[in-house]
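Please read the report below alongside the sequence and the structure.

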Amino acid sequence: MKIMNTLLGSALVLAASAATAAEPAIRPLGLDAADLYREQARYPRSSQALRDGVDPILNKRQINKQFMAGPNGEGPMLSIWNSAISYEPGEKVQLFAELVKDTAVKPIDLLRKLEKKSQNLTVTAKLVGETSGLMGEVTYRDNGKGADRRAGDGIYSASFTMPKARAPQAGYAESVAVHVQAQTSQGEFRGALGGFLYSNPGARLTGRYRDEMRDGNMVVSAEVNVIAPGRYHLAATMDSGKGADGAQPMAWAQNAAVLQPGKQWIDLTYYGLIFHDMAAAGPYTMSSITLTSALSIPNAMTSVQRNVYSMPVHEMSAFQARPFNNPLLMDAAQRLEADAQAK
Amino acid sequence: MRSMIVVRLFTFLSLLFGATAAYAAPCLIFVHGKQTDTNTYTNYTSARNYWVNGSNDFIRTATKNFATPYYVVGYNGTRRYNDAQAAGEVAREIVAATNGTADAGGHRCALTYAQGGTFWVVAHSMGGAVMDFILGNNDATDPNFNFGGAPFDTASARISLAITTGGTHRGSQGADAVCGQLNGVCNVIASFIQSCDDATYWLRSGEDVQVKNFANAPAKLVYLTGGFEAIFGSSVCLSGEDDGVVQYASIFACNGSTGSSYDNSNVCRNNAKQETSGFRNLDGAHENHDDERNDSDSDQRRQVPDGIWTCSGAPCAANTTVQSSMTTGRFVSTLY
């Protein structure tokens, strides 16, 4: 089917650009999408192969450096970032700031030297909850003490412990904006606005896991202790291979359920065909897992737990090799291809 | 299966030997961007005029002078992208469109979903984040499945694909400036965004509001295009190439830092997006944020890494000028 779509697409490109053979052309978008849908349809949406070796859970937790230029676009820019996306009550938030020439280059050495010499760049921040207002104020330091890793490196650091008294209700989260203000020794201001989630998860992973083969798929169950009733979302990435160097993310799975208080199990089904397609002979490790309280938006997130469980190696024949043929995607592909065939 | 192959072969040969290449047209569903008032939600003319500038009309161009059926969505663009009057309303209107219901201007899709119709969403600016939220929460296993009772599942099932132009997939540094209220921020962009209402607050580039943190990979493909024509003043506040309001890192849904500096030669490829699948690059246009949705600037288009354009049968090199004069509206019309 993919070959036919490619031929059909090529023919359409040829026809479309026949008058101007050297002109850039466009492959019909519908056929491009149809090919991808047929590929994706091999697995259910809740269980995906990771062909690029990228862990989708860790991918979303990457440090996000934000940048803001000065008035009228003047340099240097103020760059700010946090140590994490989300923090829980009593957890220490680590905040960072530095002045940079441009986002594409490293901080200006000259600028750093100037600031190091003057030692009086002032960086402060106000932490403001979207609904609850001012939570606290911090002063950043570049003195190698406390939250600051290295004195005089141009990276100013601060920490703030999330006040338990201001915690959202169990199962909920609040957006917290970080208003950062920097003033150079010459009296020049820079400002930037960051943010993180103040999460109070309504359920937690207990650390107990179990697995079984079910209908040719690997089902890994995680026990959760639910405090607040509501909807919870669990996602985990499985690595295959030996050792820290050899292990590669090979599959991701998710599930969600409305749960009542108490200890309960959530199943994650890793579709059998993925093990064939990825030639994943094991051993298998649940390399990252995260539980989210999805009672409201913003969701209350927990930190990502790493390498929590190892699964036994199974013969490849134990895994089913049938494509799932996701009907949502197969239908979309058929419609797009029918459009392409029509005159 | 054999008959299908014969039909396909016939189609292929007829095209190869000179028959006119033509597609059955999808129905185009237009989703606007952020608003400073609720007019597009309450008044069809406002929603329709979002796509118009004087005699220039994005919808007219994208639909090939209205030959292609279309539907114009109007939602509350002052609310956060995940709100019932934003994503919820858009999902409901998509379902209505695919049922053959006319929009408030009397325009309807020629074929319903049940009749075999195909439906392409064209979304601008905040419409990108709205679509990410809908398409990323369509399945019962997704974190915010059918949030607030909205029919994300049905809407996602019926959409064939989405195209975003100037999409705020990772927020806007302009929203940071407006909501920052700080000394020393890049203030010249403020007039382009105006106020820090709920929609703006949730279009910041901070992690607390990123749609990727509240959605999964889109259930249907989201194709990405956007402008690189600076707006005098505001663009100095944005990292890398931008359309005057949204930076490339957001327009092209890049993973990592929202302030990364990208241009047409190095913007993130299809395997480096905010999700591990579901986002695909189209191209870049020498248009600003308004031009992207009102068809008023027919200008250069450039290939981006993993872009849609081919040169002599192979993908054009990134940053190649692939068109010297083509609006995004016209570009959309060439995609089907």
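In helix H7 of chain A, the buried residues (those with 20 or more other C-beta atoms within 10 Å of their own, C-beta atoms being placed from the backbone) are A:Leu328, A:Leu329, A:Ala332, A:Ala333, A:Arg335, A:Leu336, A:Glu337, A:Asp339 and A:Ala340. This is a predicted model, in which local features need pLDDT of at least 70 and side-chain atom pairs count only at pLDDT 80 or more, while totals for chains, interfaces and linings use all residues. Residues are numbered from 1 along each chain as its sequence is written, and chains are lettered from A and ligands numbered from 1 in the order in which they are written.

Helices (H or I, at least four residues) and strands (E, at least two) are DSSP runs, numbered from the N terminus. The 15 residues of H7(A), 327-341, should span 21 Å at 1.5 Å a residue, and because the end C-alpha atoms are 21 Å apart, the two values agree; the expected span is 1.5 Å times one less than the number of residues.

In chain B, seven of the seven residues of strand E8 (residues 279-285) are buried, so this strand is largely enclosed by the rest of the structure. The table gives pairings, where two strands pair if DSSP finds at least two bridges between them.

| Strands | Sense | Bridges |
|---|---|---|
| E7(B) and E8(B) | parallel | six bridges |
| E8(B) and E9(B) | antiparallel | three bridges |
| E6(A) and E9(A) | antiparallel | six bridges |

B:Gly227 has B:Ala285 in E8(B) as its bridge partner, whereas B:Gly284 stands opposite B:Arg302 in E9(B). In chain A, A:Leu95 stands opposite A:Ala158 in E9(A).

Technical notes:
A residue is buried if 20 or more other C-beta atoms lie within 10 Å of its own, exposed if 12 or fewer, and partly exposed in between; C-beta atoms are placed from the backbone.
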